[in-house]
Amino acid sequence: MDNDTLKIGGDGAAGGFSSSGQAIMFERLLASRRDLSAVSARELHEGTCWGDAVYLVDALSLGMGVHPFREVEDICVRHDNGDVPVYMHRGTRFLAPDDLVLIQNMNRDVKVRHLPDPLEVPSRVDLGDRLELTGEEIAHPEGGYLSVAETFDLELRALVVWRRDRRSRLDLRVVAGHSTTGFAAERLAEHALRFSPGAAASPRKRYRERDVQRDRVYRFEARLDAVSGYSHMPFDSTEACAEYLASVYADGRIARMPAVGKTRSDSEHSHFSLRHGIRLSVYGHERWTVLHEAAHDIAGRIAPQEAGHGPAFVGVLVALLETYAGVRPEHVEQALAERPVKIDQTVRGKILGRFSAPEASPASEFAP
Ligand SMILES: [Zn+2]
């Protein structure tokens, strides 16, 4: 769950919600506004869709139940290395090609421009005569500095680079590549939030890993939430979430519960990583989200080769929801029939068995 923008999925529906509650709220909202059509930022940029007004949907506001539409004033004719810049009332927003935009009274039109794929950027660079720092630099919250480096390359005019201290000129980490130095400068703060200098993987890596089932899983969860009549169980603090999770891990006799903390900012979605454990946003202090993130931890131990929302993940998630959230097998069947996802039934059975007959499986089985 990488940012606060909603995505258009493979079959045209919106996805990328940080919780099933958000997805449900979005479905209701669209149903109540028949004048609005959901299209991708790519279609907007290419000019194939146009209408009376264009809105972005703010996922955070959606989660809080406040009005989530932000009107776009104008779209930029330039792209930013494959991203779509749009002018808002306050400043520029940069959309990924599959981010969601809503068009009022939409018309289809002919393509007026082409949005290219992003260019590959090097993972590390040295400063030198063809690469010079320019403009302001900002301190990264975890240490070091982010700056814009001008490349003199016509297509990729600027790189955002991170360096541990102000004197280093060699082997700088590249965070992103941009079409103009202006775009790069505008996006420095955004990169500072997403980039972690401590991460072992290169910053490009997360774009390469294909988590093909992710949006499908969110839609499946939204459906399962609805058909099971799930009763929400909010917690009033991160500590309360951790206590709840501890009881789940103890119950399943699962060793090494991940740390539970807060996300760095309110706009970050709840997520799980090996490095930081479970990070919950203020909207993620709820049983379903806690179980979803726990399923990432457990599935990662059982099937480390699978992408984040692969079949093993769904198997674990469903088993946890059946055990702790009042979801019944027939609800799972129905949601699977209406919003199909790949599920590893062996993993599901194994996890269910663990909670109903804990003596059959020792805790060490789940140790990484
Ligand atoms: Zn997830």
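Predicted model: local features only at pLDDT ≥ 70, side-chain atom pairs only at ≥ 80, totals over all residues.
Reader: I'll start with sheets. What holds the strands of a sheet together?

Author: Strands of a sheet pair through backbone hydrogen bonds, and the pairing is either parallel or antiparallel. Here, take the open sheet of 5 strands, whose order is β11-β15-β14-β13-β12 and whose pairing is antiparallel.

Reader: Which strands stand at the edges of that sheet?

Author: Those are β11 (124-125) and β12 (132-139). Each has a single partner strand, so one side of each is left without a neighbour in the sheet.

Reader: Can we zoom in on one pair? How many bridges join β14 to β15?

Author: There are 5 bridges between β14 (residues 158-163) and β15 (residues 172-178), and the two strands run antiparallel. To find your place, look for W162, which stands opposite R173 in β15.

Reader: What is the order of strands in the open sheet of 6?

Author: Read it as β3-β9-β5-β6-β7-β8, again with antiparallel pairing. The edge strands are β3 (36-40) and β8, each of which pairs on one side only. Neighbouring strands in this sheet are turned by 45° against each other on average, if you ignore direction.

Reader: Where should I look inside it?

Author: V54 stands opposite I103 in β9. Then move to β7 (residues 84-88) and β8 (residues 92-95), an antiparallel pair joined by 4 bridges. In that pair, Y87 stands opposite T92 in β8.

Reader: How many residues lie between the strands in the hairpin of β7 and β8?

Author: That hairpin has 3 residues between its strands, and G91 takes a positive phi near 75°.

Reader: You said pairing can also be parallel. Where do I find that here?

Author: Look at β16 (residues 260-262) and β18 (residues 277-280), which run parallel and are joined by 3 bridges. K262 stands opposite L280 in β18. Now compare β17 (residues 271-273), which is joined to β18 by 3 bridges and runs antiparallel to it. There, S273 has G277 of β18 as its bridge partner. A hairpin through 3 residues joins β17 to β18.

Reader: On to helices. What's the general idea?

Author: An α-helix has 3.6 residues a turn, so residues three or four places apart point the same way. Keep that in mind when you look at contact lists.

Reader: How far apart are the end C-alpha atoms of α8?

Author: They are 20 Å apart. At 1.5 Å a residue, the 14 residues of α8 should span 20 Å, so the two values agree.

Reader: At what angle do α8 and α9 pack?

Author: At about 55°, with the axes of α8 (residues 238-251) and α9 (residues 287-302) 11 Å apart. That angle makes α8 oblique to α9. The crossing is right-handed. On the α8 side, the contact is made by C241, Y244, L245 and V248, and on the α9 side by R287, V290 and A294. By class, that gives 6 nonpolar, no polar and 1 charged residues.

Reader: What about α9 and α10: how far apart are their axes?

Author: The axes of α9 and α10 (residues 311-324) are 8 Å apart, and the packing angle is about 135°. That makes α9 oblique to α10. This crossing is right-handed too. Residues making the contact include L291, A295 and I298 of α9, along with F313, V316 and L320 of α10. The residues of this contact divide into 13 nonpolar, 2 polar and 1 charged.

Reader: One more pair, please. How do α7 and α11 cross?

Author: Their axes come within 9 Å and cross at roughly 135°, with α7 covering residues 214-228 and α11 residues 329-338. The two helices are therefore oblique to each other. Their crossing is right-handed. F220, R223, L224, V227 and S228 of α7 meet H331, V332, Q334, A335 and E338 of α11.

Reader: How many nonpolar, polar and charged residues does that contact have?

Author: The contact of α7 with α11 has 5 nonpolar, 3 polar and 2 charged residues.

Key: Residues numbered from 1 in each chain as written. Pairing = 2+ DSSP bridges. Axes fitted to C-alpha atoms, helices over the stretch in contact; angles between N-to-C directions. Parallel < 35°, antiparallel > 145°, perpendicular 65-115°, else oblique. Left-handed = near helix turned anticlockwise from the far one by under 90°. Contact = placed C-beta atoms within 7 Å. Nonpolar A, V, L, I, M, F, W, Y, C, P; charged D, E, K, R; others polar. Expected span 1.5 Å × (residues − 1).
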